[in-house]
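Here are my notes on the structure below. Please read them with the coordinates open.

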Amino acid sequence: MLILTCPYCGLDAEETELHPGGEAHLKRVGPEGSDEEFEDYMFARKNAKGVHFERWRHAYGCGKWFLAARDTVTLQVYGTYRAQTHAPPQDIVDAIRKVRPDWQPDWSHAE
Amino acid sequence: MAEALATVARLDGLGMITIRADLSRSGDAIAEAAGLAIPDATRISTDGSRSLGWMSPDELLLILPAQETPDAIAALEQALAAEHALIADVSDARAVFEVIGDHASDVIAKLSPAHLDALPQDGLRRSRAAQTAAAFWRVDGGFRLIGFRSTADYLDLVLQSAACPGSGLAPR
Amino acid sequence: MTHTPPFRLARGGRLIDRAFQIPFRFDGRYLRGLRGDTLASAMLASGQMLMGRSFKYHRPRGPVASGAEEPNALFGLGQGGRFEPNQRATTTALVPGMILRSQNCWPSLDADIGAVNNWLSPMLPAGFYYKTFIHPRPFWKHLFEPIIRRSAGLGRAPTDPDPDRYEQAYALYDTVVVGGGIAGLTAAREAAEKGGKVLVLEQNPVWGGRTPVDHKAGEATIQALLDDLRGRANVTLRRNTMATGLYDHGYLLAREALADHDPNQGIPRQRLWRIRAGHIVTATGALERPLAFACNDVPGVMLASAVRDFIVDYGVAPGQRIVVVTNNDDAYRTALIAQEARLDVTVLDARDSADGDLPQAARAQNITVLTGSAIAKVTGGRHVESVAVCDQKGEGKHTGTIDCDVVAMSGGWSPIVHLYSHCGGKLLWDEAQAMFRPDPDRPPLGADGRGNVTATGAASGDLRCAGDLERAEGATMPVWCMPANAPYKLRAKMWLDYQNDVKVTDVLLAAREGYASVEHTKRYTTLGMATDQGKVSNINGLAILSDALNQPIPQTGTTTFRPPYTPLTLATIAADARGEAFQPLRKTPLHAWHERHGVSWEPVGQWRRPYCYPRGDEDRHAAVNREILAVRNSVGTLDASTLGKILVKGPDAGKFLDMMYTNMMSSLPVGKCRYGLMCSENGFLMDDGVVARLTEDTWLCHTTTGGADRIHGHMEDWLQCEWWDWQVYTANVTEQYAQIAVAGPKARDLLERLPGSIDLSQQALPFMQWVEGDIAGMPARIYRISFSGELSYEIAVPAGRGLELWERLQEAGRDLGITPYGTEAMHVMRAEKGFIMIGDETDGTIIPQDLGLGWAISKKKSDYIGKRAQSRSHMKDGARWQLVGLESLDDRVIPDGALAVDEGTNPNGQRKTQGRVTSSYHSPTLGRPIAMALVRHGTGRMGQVLEFPLPSGEVLKGRICDPVFYDKEGARLNG
Ligand SMILES: [Zn+2]
C-alpha cells in the first residue's frame, strides 16, 4: 500500500484514496505528429527498474492530479509535486541524486 | 445490551454551494459574499450557521441553511461577476449525516483511512467512507459527514453498522 | 508403554481455572475441558492424543506444537454457516458447547480407509502426480484432475453463508511492536520513552510469550513491564491480534479476534486492522524445530517447548514417561519442568557433552542424560510406545530401548522472520546458531528510503533475550538428520512436513532429479505448501537439500515468505462489504417510487435503473412491449436522472470542449443542444451525450449513465495536466438533478397541463433547444431532445423535487394512458431509430466513423482528442466493419453477439467472420425483429444476406439494410 503526499492538500494519502495515471511527463503528439512519434506517445511506456515518474490523482480528496518520483525497487518516494510542469523540479532531482548519484535525468520530452 | 458507539442521523435542511475560483484573486470577494473567512487548505471556517470548507486549491463549499441558498448564490455571482469562476447549487446532490457520541471517532475510523488524530478542530477531510466518497469535519460531540445523495442509503448502512453496540475500538 | 491417565496434573496450569468446566463435542463424543484451555490442551487432558490424519498417507497424527505453527491438530469447527475448516487446536480457545470434527479421514479418525495410502507410500514419491499424469495430455483435464481434486483439499468448505459480522478499522501509529513477549514489551517501553504513539500487538490472549513458561521469575517480570506500559498514555496494548502481513510503506494488516466462536455477544466476530506504522518492531519470537529421526510423526512426538507449555500453562501432562531428545540446552527446561511435575524423564542429547547450567541442573535433579545419543526409531502406531536409542554419529545401531509415551524433541530454534521478509527485508545465515535471522543491514525500506522494520529478541536471533533471567547455555549443534549416517530405510521414515507428508527422502529425490532451487524443490515435493506454510519444516528441508547438493545453506537460499502469517478467513478481508453493503448501490431520487410500482431493476454500474414495470401477470417482455407502444402512441416517462451532467465554464470552455468532443461545441448558440461524441486519445469512441450551451461561457455536458465520474475525471485530467493555462472550471452536478424524459406524441399536451411559465410550443422550443422556467411550481430546465424518436422533453429539477414532478406527471397524464417506461423500452426504441448505444455498438475498439457518425466529426477543427489516432492507416482502412441494420429473413430475432460467417477458415481452422450483431430486439412498433450489426464494407452491401450460425447448429439469415428502421425523416421527433 503506497502512501503518497498530495502536494495540494499536504495530506499523506494511502493508495485507496488515489487513482493511478501511469507515466508522467509525456508530451502529447497531436495531428501533426508522425506515426512514429504518435506510437511513442501513445504506447511506448517506460518500465523503469529504479527511478520512475508517475501520475496520481487525489481522487478521494481534492481531485487534483500530482506527480510522484518513486523508486520501483526500493519503494522510496523521492517526492511528489504538482502536475503543471514539463519536468521534475530541482528539489526532486536533488533528492534522487542524493540516493542515486549516478542517475541521469531523461528530459527528452522536457522543454 | 451496550449502547451504539454513536448515533447516526440523516440531516436535512442544508444548502450547499460549490465555488470554483482562483482563491488568491477572488478570496476577499468570496469571503464578503459568503460572510465567512476563506479557510486554509484542508480546513473549514464557520460562524455556527454557515460554514465554508476548503475542497481543493480552487474550490470551496459553502454550507448554509437551505432557505438562504438562492440569495447566497446571487451574492456570490454578483461578487464574482468580473472573475473567471463557477458557482453551482449542489444542495440536492448531497446527503448529510451527523455521527454524534462519545465514540463517534471509532465509527469514522472503521470506514475511512484518514488520520483522525491529525484532524484539527477546524479540519475538513475529504476521503472515502467504505467504498464511497465522503467528507467530514468535527462538530459538537462528533462529526458531520457528507456524501453523495445516491449513496445515502449505503452510507447510512455502513455508518450504522460501524456504530454497532459493543464494538468500540478501545483495546479489550 | 500405554498412554494412561491422569492427563490433567493435580497442580499447576497458569492459564486454566479449575473451577469452571467446559463441555464440548468431538466427533460426537462429549468431552470436558477447563476455562482457559485451548482445544489442544482440553483434548490432551481428555487423553485424546490422536487429533488428525496426514494429508497424503493418512497417517495418524497428534499435536506437535502448542501455538500457531501446529501442522497436525486441525479441526472442522462449528456448524452450518459458522462451520470453519482447518482450525488450529493449539490456538483456538475452548468455549462451551464447541463442536469439533476431525478432518481428512473416512469413515472416522480411528478407522480411516485412506490410510491404505500409507502402505502405498513407496509408490507415491515426490513429484508422483507430475510424473504420472502428465501424459496423455487430455487425460489430465478430463480424467485425472477431477478425481484427484475430489480426494484432495484439506477440510471442507462451509456451505452456508457466514452469519457473523466482521469489520475493519484504520489506525496510524509511530511505532508498532508485533509480539507481546519480553522482547516486545521491552521494545515498546523504549519506543514509548522516546515519544510518539506506540501500539503493541499480541496474537494470544495472554501477554508474555515464552518468558513465564521458561523462567521462574518470568511472570513477575512481564507483569512489571505491563504495569509500566499501562501507565503510559501513548501506548496501546492489544491482545488477540495477529499481525498477518506487512506491505509497502509500513502498511500492516492485523486481525483482532473479538468474539471468535462466541457468536452470542452480538459484536463483530473479527476485525481487520489496517495500520500505517512509522516503524515496525518485530518481536515475534522463534519457533522450535523438530528433529528428523525415523517415525518422528507418531502421535506423542512433540516439540520440547510444546510439552512444557502444556504442563505449565494448562496443567496437562501429554504423557507420563517423557524422552527429551535435543541438540541444545533449552530443551532441558522441558526435562526440569516435567521432573517437577513428577513425570518420568530421560534426556538424549546429540552433542558429545552438555555442561551448561541447565544440563547440570537436570543431572542434579537425577535426570538421566545420555550425551552423543540419538533416537534410531520411534515405535508405536497411534501412540508412541518406545524409542530405540543409538549413537548420533552412527548409522542407527540400537544401543538400547526406552519405554515412553511422549518424545519431546528440540532441533534448535528459528526466528520468526515472516513480517521482516514480507516487504523485502533480507535474511542472513547465522552459522553459529544454525538459523536464518533478519539482516539488520538490509531491512525493508519505508517511503523515506530508510529501514522501517527492526527485529528484536528471539525474532532477531537473540534467543536469550530474557536478560537477567537467563542462565548460561552451551552451544547448539546443528542436527539435520538423526542419526547422522542413517541409511535410506530410516530416512524414508523421517518426516519433514507433517501436514503434506514430505519426508527426508522426498527432498533427497528432488535433489537427485536436478532440483537445485529451493523454490522448485518446494513445489516438486510440496514441502512447506500446506496450511501451516512450513513453519516447522522449512529450515530442516532446506538443510537436507543443501546437504544433498553439497553446498552451504545460504547458497541454497530460503523460500519467499508471503502473507498472511496464519490463515485469514475471507469474511474478515471482505468485512462489511457483503450483502446489502457489498458495494454502494446508487439510487435515483425516484428509486422508492419505482420500487412501489413493481419495478424490475437493471443494474447499470452501481446504479439501479428500472428495466421495466411489469403489471399483473405480465412477463418482462410483455411489459417492455406495452411500454414501447404507449410511448409511440401516447406518452411515457423515463427516469433519466442517472445521466451524467457536467458543468463546463470559463473563457476557454468552448476551446476546451472542441478538444473533448469530435464535433464543434464552441459554435453552439446559447439555448441550443448538440449531440456530441467523445473519443479516447487512441481514437476510440468512449462516451456520447447531448451538450447544451447555457450561457456565453457555460456548457452543460450530458454523459452516459456509467460515464459521469469517468468523463469528469477525463476532463479534469486534460485541464490539469495538459492545458493548465486554459481558464476552464468543471463541476459534476449529476446528482443535483432529477431528470425525467417525457416522450410520445402526447408529451406536449401533457406538459401543458402542468401550470408553469414555459412556452413549450414548436416555435418557442423546437427540437434540440432548451429553456428554463417554472413547471408545476418547480424551477426547471427543459431540454427538447429525444432518444426514443418521439416528440420528447427531458425535464431537470432539483433532485429533492423529482418525486413531486414525477407524481404530478402521472396524475396529469392518467387519461392519456401515461406509462412509466424503463431502460429496455428505451433501448428498443433507440434501436428502432438506429441510434447507437455506448457499450452495445461500441466495445473500446470502435471509432465514430465505423458507426456512420462521420457527420458528428468536425472537418474544420485542426485537433481534438483522438483525431491523430483516427488518421492511422488501420483506422482509415475501408475493410473496417461498419454499422448497418439487419432484417431477419424468417422473423426470428438474431441473437445479440451472433457472428456473420465468411468463406474459408483462419490459420486456427476456425470459420472466418465478416461481422457481428451489436443490438437485436423484437420491435413491437414494427411487429418484426430488428438488429444492428457491424459488417465488413457494410454500408456498401445493402440487400446482401449474411449467415449467422448459432451454437445449436441452426443458421439464421439477415439481410443488410439501413439501420434506421423507424421514422427516417424525423417527422415525429420534430413534431
Ligand atoms: Zn489533495
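How many residue pairs are in polar contact across the interface of chain A and chain B? The rule finds six, with both residues of each pair at pLDDT 80 or more. Bear in mind that this is a predicted model.

1. Make-up of the chain A side. The residues of chain A that touch chain B divide into five nonpolar, two polar and four charged. In number of residues, the contact takes eleven from chain A and 16 from chain B.

2. Area between chain A and chain B. About 1100 Å² is buried here. Carbon and sulfur atoms give 55% of that area. On the chain A side, look at E17(A), Y60(A) and K64(A). They supply 45% of the area that chain A buries against chain B, more than any other three residues.

3. Salt bridges between chain A and chain B. The rule finds three across this interface. One to inspect joins K64(A) to D58(B), with the closest N and O atoms 3.1 Å apart.

4. The zinc site. Four residues of chain A coordinate the zinc ion: C6(A), C9(A) and C62(A) through SG, and H58(A) through ND1. The distances run from 2.1 to 2.4 Å. Angles among the four donor atoms are 100 to 119 degrees, and the site is tetrahedral. Along the chain, the donors follow the spacing C-x2-C-x48-H-x3-C.

5. Contact between chain B and chain C. Here 42 residues of chain B meet 50 residues of chain C. The two chains bury about 3600 Å² between them. Carbon and sulfur atoms carry 53% of it. Within chain B, the residues that lose the most area to chain C are H84(B), S150(B) and R172(B). Together they make up 20% of what that side buries.

6. Polar links between chain B and chain C. There are 27 residue pairs in polar contact across this interface, both residues at pLDDT 80 or more. The salt bridge count is four. One salt bridge to check is formed by the side chains of D153(B) and K587(C), at 2.5 Å from N to O.

How values were computed. Residues are numbered from 1 along each chain as its sequence is written. Chains are lettered from A and ligands numbered from 1 in the order in which they are written. This is a predicted model: local features need pLDDT of at least 70, side-chain atom pairs count only at pLDDT 80 or more; totals for chains, interfaces and linings use all residues. Side-chain values use heavy atoms; hydrogens and water are left out. Contact means heavy atoms within 4.5 Å. Buried area is the accessible area (1.4 Å probe) that two parts lose on being put together, summed over both. A polar contact is a pair of N or O atoms within 3.5 Å; within protein, one must be able to donate a hydrogen and the other to accept it, and residues adjacent in sequence count only if both atoms are side-chain atoms. Ala, Val, Leu, Ile, Met, Phe, Trp, Tyr, Cys and Pro count as nonpolar, Asp, Glu, Lys and Arg as charged, and the others, Gly among them, as polar. Donors are N, O and S atoms within 2.8 Å of the metal (3.2 Å for Na, K and Ca); water is not among the atoms, so sites may look incomplete. Four donors count as tetrahedral if all angles lie between 85 and 135 degrees; four count as square planar and six as octahedral if opposite donors are over 155 degrees apart and all others between 65 and 115; anything else is irregular.
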